[in-house]
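Colleague: I have a new model open and would like to go through it slowly. Could you walk me through its disulfides and then its overall make-up?

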Amino acid sequence: MSVRLLRHLLLLFISFASITAFAQPPENNDEPCSAVAFPTGGSCGEDVQISTVGATTSPVAFPPPNTCNPGLTSADLPFNDIWYTANADASGNLSLEAIVGPDDPVIAAYSSSDNTCTGTFTLLGCDDDGGPGLDANLNLTGLTPGQPVWIRVWAYAFGGVATNGTFIISATNGGTPPANDNCASAVTASAGVTESGTTNCATLGAGDPTGGSCAITTDNSVWYTFTPGTSGSYNVDFSNLSCVGVNNDLQLFIMTGACGGPFTEVACNSSVASTTTFSGTAGTTYYLMVDGLNGATCDFDMLITQGC
């Protein structure tokens, strides 16, 4: 897995009710020389909500039209931006992600001629919707190990109207996937016992189904198995759902088969806000794949109960 900047800032910023001529974005990172450093290292699972409220438009040249999302010039429309810094890893790679939260983010990365904020900036790349849904995801390679990079974040201009935005960004060097990230390491669930789980740092395994009959896509799945002791109807319910992403929801696939496939779909639910019911046969092992809807990162509790 390439090094990804994923879900590791633990701060919340409050949108200002009013803005004055001297207003600043919450982190005072309106220009490259006041950029805030992304922390590196640690694990996934913490997020930060950021805002461009109070920001101004930096004099650094914006990406040319049709660069960040070809065909959508509103992605490159210059407007209020905020700045961060990060460094390439030991392999010269750097990946950046900005998540809808609730506005649509665009990100760009720049190098500096003298590796300082006052040098001449050169665009390394930019992205609007390269991640799940409307999330922005930018993967940089071929950098000098340790090279500083300046990261610019601004809002997609819906209808060609530039605006401020609120987003979620994250930074981590790697991150450890959940223990049940793959089918082979699925957690064994039992009826009547609540299982606490997360899709933070989860990945899409090589043998994971790409989506059931109800699915949009499969992005970051975790696995459970359930073997009924008696035949009958069973319900799967989710509670304490806490999500970050385009959709604050999970999707659930229930299947029979074996890890690596082929699988046979038993039930599929594109929103765990509702109960998923399936008919279970005693002694049969059912595979439950829980996936963030449109790549949403979620903490959750799951409970399987026998129906009437």
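Modeller: Let us begin with the term itself: a disulfide here is a pair of cysteine sulfur atoms within 2.5 Å. Please keep in mind that this is a predicted model.

Colleague: How many disulfides does that rule give?

Modeller: The count comes to 4 disulfides by that rule. One of them is formed by Cys33 and Cys117, whose sulfur atoms are 2.0 Å apart.

Colleague: Where in the chain do Cys33 and Cys117 sit?

Modeller: This pair links distant parts of the chain, since Cys33 is in the loop between strand S1 (8–12) and strand S2 (36–37), while Cys117 is in the loop between strand S6 (105–112) and strand S7 (121–127), which puts them 84 residues apart.

Colleague: And why is that disulfide called right-handed?

Modeller: The torsion about the S-S bond of Cys33 and Cys117 is about 95 degrees, and therefore the disulfide is right-handed.

Colleague: OK, next one. What is Cys68 joined to?

Modeller: Cys68 is joined by a disulfide to Cys126, with an S to S distance of 2.2 Å. Cys68 lies in the loop between strand S3 (46–51) and strand S4 (82–87) and Cys126 lies in strand S7, so the pair ties together parts that are 58 residues apart in sequence. The link of Cys68 and Cys126 is left-handed, with -110 degrees about the S-S bond.

Colleague: Are those two cysteines buried or exposed?

Modeller: Cys68 counts as buried at 4% relative accessibility, and Cys126 also counts as buried, at 10%.

Colleague: What about Cys214 and Cys268?

Modeller: Cys214 and Cys268 form a disulfide with their sulfur atoms 1.9 Å apart. Here too the pair links distant parts of the chain, 54 residues apart, with Cys214 in the loop between strand S12 (195–198) and strand S13 (221–226) and Cys268 in strand S16 (residues 263–269). The link of Cys214 and Cys268 is left-handed, with -75 degrees about the S-S bond, and Cys214 is partly exposed, with a relative accessible area of 23%.

Colleague: Switching topic, how many helices and strands are there?

Modeller: The secondary structure of the protein chain comes to 0 helices and 19 strands. Of the 308 residues in the protein chain, 49% are buried.

Colleague: And what does the surface look like in numbers?

Modeller: The protein chain exposes about 12,700 Å², and carbon and sulfur atoms supply 53% of that area.

Technical notes:
Residues numbered from 1 in each chain as written. Predicted model: local features only at pLDDT ≥ 70, side-chain atom pairs only at ≥ 80, totals over all residues. Heavy atoms only, no water. Helix = DSSP H or I, 4+ residues; strand = E, 2+ residues; numbered from the N terminus. Buried < 20%, exposed > 50% of the residue type's maximum accessible area, 1.4 Å probe, protein only. Areas by Shrake-Rupley, 256 points an atom, 1.4 Å probe, with all protein chains shown as cover.
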